[in-house]
Amino acid sequence: MLARLNVLLLGLLAPALSFAGDAISATEKQPLNLHAIGMFVVFVGMTLGITKWAAGRTKSAADFYTAGGGITGFQNGLAIAGDYMSAATLLGLTAMVYAKGVDGYIYMIAFFAGWPIILFLMAERLRNLGKFTFADITSYRLNQSKVRTMAAVSSLTVVCFYLVAQMVGAGQLIKLLFGLDYTIALFVVGALMMVYVTFGGMVATTWVQIIKACMLLAGGTLVMILAMSQFGFSFETLMDKAISVHSLGEKILFPGSLLPDPVTALSLGLGLMFGTAGLPHILMRFFTVTNAKEARKSVLYASGFVAYFFNVILLMGFAAIIIVGQNPEFFEGGNIGGKIIGGGNMVAMHLAKAVGGNLLLGFLSAVAFATILAVVSGLALAGAASISHDIYARVLRKGKATETEELRVSKLSSIGLGIVAIILGIAFEKMNVAFMVALAFGIAASANFPVLILSMYWKGLTTRGAVVGGYSGLVAAVLFVLLSKSVWVTVLGNAQALFPYDQPALFSMPLAFLVTIIISKLDNSAEAQAERAQFDDQYVRAQTGFGAAEASAH
Amino acid sequence: MSSTSSQRAVYARIRSNPRFAELVSKRQGFATLLSVIVLTIFYGFFMVVAFTPKVIGQRLSEGSYVTVGIAAELFMFIFFWVLTAVYVKRANGEFDDITTEIVRDASKEVK
């Protein structure tokens, strides 16, 4: 149970995860919420307008993949925050603080602490070496076909698992918040995503994420201020009341059941920190800015917004203990302490309704929907880039495809990914998809991250090492999750898990590093020598940005 | 993605410039130091959570609900963010100035 909860929490960045837990089984179709739908229609209208504008500016491959590299650090920071903080960040983490107290805060710091590390170790090198996908970096001096194929396989695996988790979560959430049918909800999400990505490319996706981030920050802040006003804006008053009414009492101040042992804690920390640094849609955002300067600023702004919002959520969660937890209106049958209407993840929504009425509830629901759209669009774009830029243009056509051909393939890929997402979303409706986000993070941390960081830092890396190591990380992460409780027991119905932890990173990530390093060291082929010789030039470019992809002029 | 021969010449020039070695060692040293600080505090905190959870819930003073855990986390949110600001300021200022200078010199000499 504890382990399962961990996987669950791990995915709070992704909407699906929190719904996959207590809400999925408890999702009931709610009556149509007209405020929410009204506000959502306004959001969709606005974003479609932006997409139309963006379509006019999306002419080259660079426009499509990276918005021509012309996004500023501040805009990109907001967009990264928009990509990173999902509906489940809002709903799941508020619910966690509500139910478990300070445990939720401990999770939030784990979600946050990866960002400074990404800045210190990766941001400027990513920008200086990359162009459209992170495989541009890993294949910089290695065998294009082999390394790009490996990067594309693991990226698409990550994107697909993440997308499915998002789609299932989206369907459940929309059913819950808007009273729309699950299948209709999936078609709405899938169709809007295809329109944004296919017509507007990275420009539209970025602006959808920026608008959504602003809505999320504003909505959360408003709810927090209204809630805190009921306690005279005093943290002491709030906590005093929260502890006196919470069933756990003083225990909400202590770590509870979420981090039972050092292995779990460490594995979770590693998985979150380095998984984030290996997610293709997050990495791709670093190529949208003008230069390394702006890339660094993006992280500064993004992490500032994320840190701020997590603290808002902490206050919302504690306030909800009193405002929602003591109000019979929000419990089934008016039974305080019983089952919360709509499931545990609805705490943030109930809080919005309690402090701001139906209007604020509608706004926050629209925010949640917008959030899902922004995240799936980013994922679809990253997946499409892997297919068209890595597989089609570089592997199949060996770099001989024209820009028009590559662009056409990328648009077809985004439509394809949208269709796949809808189909998988429908197929997995009744399944517990909690493991999928753990898997996505595990693969990102084990297959993408080790090869990426070694390609930037280690001269000795060779094609053979990168390919064997990358695939081992991928296979190990998949196997560990498959044999863990969340799949082996929960999904497949076996009695005993063969792998005792739900988060694979602590094991699969060092394995990938080890294999990559050993195989590279053993590789004395002529190609390997040539690859090592090219590191010096790559190193200068990584450090100085000389020769880096430039922003296209408009 | 191979570089052109004129690019390679610039890369070679840059490499032979002692200012480049200075830039790299300064910036890398700084980034490594900051990473070590973040990782040590972060995993140190997680170890306290895992091994001595009682400490986390201890109050800083009688009659206050600000506990060691809440204070430590708030501190981490603020401190880590301040470190990112410190890095960005130095990298975008001092380090980028050296970078621009190195690249300009190398490009000039080649032409």
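A: In chain A, 85% of the contacts with a separation of 6 or more are between residues 24 or more positions apart; two residues are in contact if their C-beta atoms, placed from the backbone, lie within 7 Å. This is a predicted model, in which local features need pLDDT of at least 70 and side-chain atom pairs count only at pLDDT 80 or more, while totals for chains, interfaces and linings use all residues. Residues are numbered from 1 along each chain as its sequence is written, and chains are lettered from A and ligands numbered from 1 in the order in which they are written.

Chain A has 23 helices and 0 strands; helices (H or I, at least four residues) and strands (E, at least two) are DSSP runs, numbered from the N terminus. Its radius of gyration, taken over C-alpha atoms, is 23 Å, close to the 24 Å from the globule rule for 554 residues, so chain A is as compact as a globular protein of that length. That rule is 2.2 Å times the number of residues to the power 0.38. The C-alpha trace of chain A spans about 75 × 50 × 40 Å along its principal axes. Of the 554 residues, 66% count as buried, meaning that 20 or more other C-beta atoms lie within 10 Å of the residue's own, with C-beta atoms placed from the backbone.

Now the pair itself. Helix H10 (residues 144–178) and helix H11 (residues 182–229) of chain A have axes that come within 8 Å and cross at roughly 120°. Axes are lines fitted to C-alpha atoms, for helices over the stretch in contact, and angles run from 0 to 180 degrees between N-to-C directions. H10(A) is therefore oblique to H11(A); angles under 35 degrees count as roughly parallel, over 145 as roughly antiparallel, 65 to 115 as roughly perpendicular and the rest as oblique.

On the H10(A) side, A:Met167, A:Ala170, A:Gly171, A:Ile174 and A:Lys175 meet A:Tyr182, A:Ala185, A:Leu186 and A:Val189 of H11(A). By class, this contact of H10(A) with H11(A) holds 7 nonpolar, 1 polar and 1 charged residues. Ala, Val, Leu, Ile, Met, Phe, Trp, Tyr, Cys and Pro count as nonpolar, Asp, Glu, Lys and Arg as charged, and the others, Gly among them, as polar.

Elsewhere in chain A, helix H7 (residues 102–112) is mostly covered, with 11 of its 11 residues buried. Among them are A:Val102, A:Asp103 and A:Phe112.

Note on methods:
A residue is buried if 20 or more other C-beta atoms lie within 10 Å of its own, exposed if 12 or fewer, and partly exposed in between; C-beta atoms are placed from the backbone.
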